[in-house]
Amino acid sequence: MLIRAATRGSPLALWQTHHVAALLRAVDPSIEVEPVVVTTTADRRQDVPIAEMGGKGVFVKEVQAAVLDGRADIAVHSAKDLPSATHPDLVISAIPERGDPRDALVGCTLADLRPESHVATGSQRRQAQLAHLRPGMRFSHLRGSIATRLDKAAGFDAIVVANAALDRLGIPERASEVLDVDVMIPQVGQGALAVESRLDAVDVSDVLASIDHGPSRRVLEAERAFLAELGGDCDLPAGAHATVSDDVVRVDAMIGSIDGMVLLRERVEARDGVAAARSAARRLLDDRGGAGLLDDR
């Protein structure tokens, strides 16, 4: 069986597609996966902040289009890039086992950051949490492939990247410090992959189901429910991290202001992870005053 996989062309995106291919071949050696590389507008316009280009979804729409118009059978995404609502003609058919969801500092450790430090990141969520931890720091926008960002790291005291990216590219030693979730709550879906197929392609969905990892799907669905409850694809600095233990899902979530002056965190536990995540969002918005942040955007 030949499966054409739409993917972005960065080394990390291609690693992710090859990883999905290896998982499928481990189940059925006769499966062949052919990458279909899609160059997205967001990849071409690396000088423009993601928030200015429309926020979540800017990396995935053109990759999804390749599946919708028949150029590809599946799309392989970083789950953190997906909007909270799935396209009506697509289905997330597989969530492979999740990698490390944490963020990593490159250049120096958190303890070495001072009020005068200069940090680069393209993430409002990362900036808000670091600004809260170390008030007075200076921030610069940074986008591009992991290699591009690492090449520019020497120009700053530190940059922030997803630790899973360093692991997958075989350069974990580049991390000066991996930040615990209690220090910095990750982006929804960080470290996870999501494989989409057409809703009517039942044969493809059935094949992908063989590499779906139940616990990873459960926590990803909870995190995506948090984002949806905030209001679709909230452009506030926001993050959520879910874990499951003894059939109980714990959701740690945050929203804040980009300057770090306001940072609200909430933890909810329940057997129903989606309900726990939605409860965390409502508590942040209604009980903790987070709705005011939405009004101030």
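**Entry 1**

I started with Asp-252, whose side chain meets that of Arg-250 in a salt bridge, 3.2 Å from N to O. I am working from a predicted model. Is Asp-252 buried or exposed? Asp-252 has a relative accessible area of 5%, so I logged this residue as buried, the cut-off being under 20%. Arg-250 has 28% and is partly exposed.

I then looked at a second partner. Arg-267 and Asp-252 also meet in a salt bridge through their side chains, at 2.6 Å from N to O. Arg-267 sits in strand β13 (residues 263-270) and Asp-252 in strand β12, so this pair ties together parts that are 15 residues apart in sequence. I noted Arg-267 as partly exposed, at 40% relative accessible area.

**Entry 1: another bridge, and the count**

I picked out Arg-218 and Asp-247 next. Their side chains form a salt bridge at 2.8 Å, N to O. Arg-218 belongs to helix α8 (residues 214-231), while Asp-247 is in the loop between β11 (238-245) and β12 (248-256), so the bridge links parts 29 residues apart in sequence. I checked accessibility on both sides. Arg-218 is partly exposed at 25%. Asp-247 is partly exposed too, at 40%. How many salt bridges are there? I get 20 salt bridges.

**Entry 2: the start of α4**

I moved to Ser-123, in the loop between β6 (118-120) and α4 (124-133). Ser-123 is buried, with a relative accessible area of 12%. What does Ser-123 do at the N-terminal end of α4? Ser-123 caps that end, with a side-chain oxygen 3.2 Å from the backbone nitrogen of Arg-125. I also found the side chain of Ser-123 at 3.0 Å from the backbone nitrogen of Arg-126. Both of these arginines are on my list of buried residues in α4, which also has Ala-128, Gln-129, Leu-130 and Ala-131.

**Entry 3: β1 to β2**

Strand β1 (residues 2-7) runs parallel to strand β2 (residues 32-37), and six bridges join them. I marked Thr-7, which stands opposite Val-37 in β2. What lies on the path between the two strands? The chain passes through helix α1 (residues 11-27). I recorded this β-α-β crossover as right-handed.

**Entry 4: helix α9**

I checked the span of α9 (residues 273-287). Its 15 residues reach 20 Å from first C-alpha to last, close to the 21 Å expected at 1.5 Å a residue. Which residues of α9 are buried? I listed Gly-273, Ala-276, Ala-277, Ala-280, Ala-281, Leu-284 and Leu-285. These cover an arc of only 165 degrees around the axis, which puts them on the same side of α9. The spacing makes sense to me: an α-helix has 3.6 residues a turn, so residues three or four places apart point the same way.

At the start of α9, Asp-272 brings a side-chain oxygen to within 3.1 Å of the backbone nitrogen of Val-274. Just after α9 comes Gly-289, with a positive phi of about 90 degrees.

Note on methods
Residues are numbered from 1 along each chain as its sequence is written. This is a predicted model: local features need pLDDT of at least 70, side-chain atom pairs count only at pLDDT 80 or more; totals for chains, interfaces and linings use all residues. Side-chain values use heavy atoms; hydrogens and water are left out. A salt bridge is a side-chain nitrogen of Lys or Arg within 4 Å of a carboxyl oxygen of Asp or Glu. Helices (H or I, at least four residues) and strands (E, at least two) are DSSP runs, numbered from the N terminus. Buried means under 20% relative accessible area, exposed over 50%, partly exposed in between (1.4 Å probe, protein chains only). A polar contact is a pair of N or O atoms within 3.5 Å; within protein, one must be able to donate a hydrogen and the other to accept it, and residues adjacent in sequence count only if both atoms are side-chain atoms. Two strands pair if DSSP finds at least two bridges between them. A crossover is right-handed if, with the strands pointing away from the viewer, the path from the first strand over the helix to the second runs clockwise. The expected span of a helix is 1.5 Å times one less than its number of residues. The arc is that of the directions from the helix axis to the C-beta atoms.
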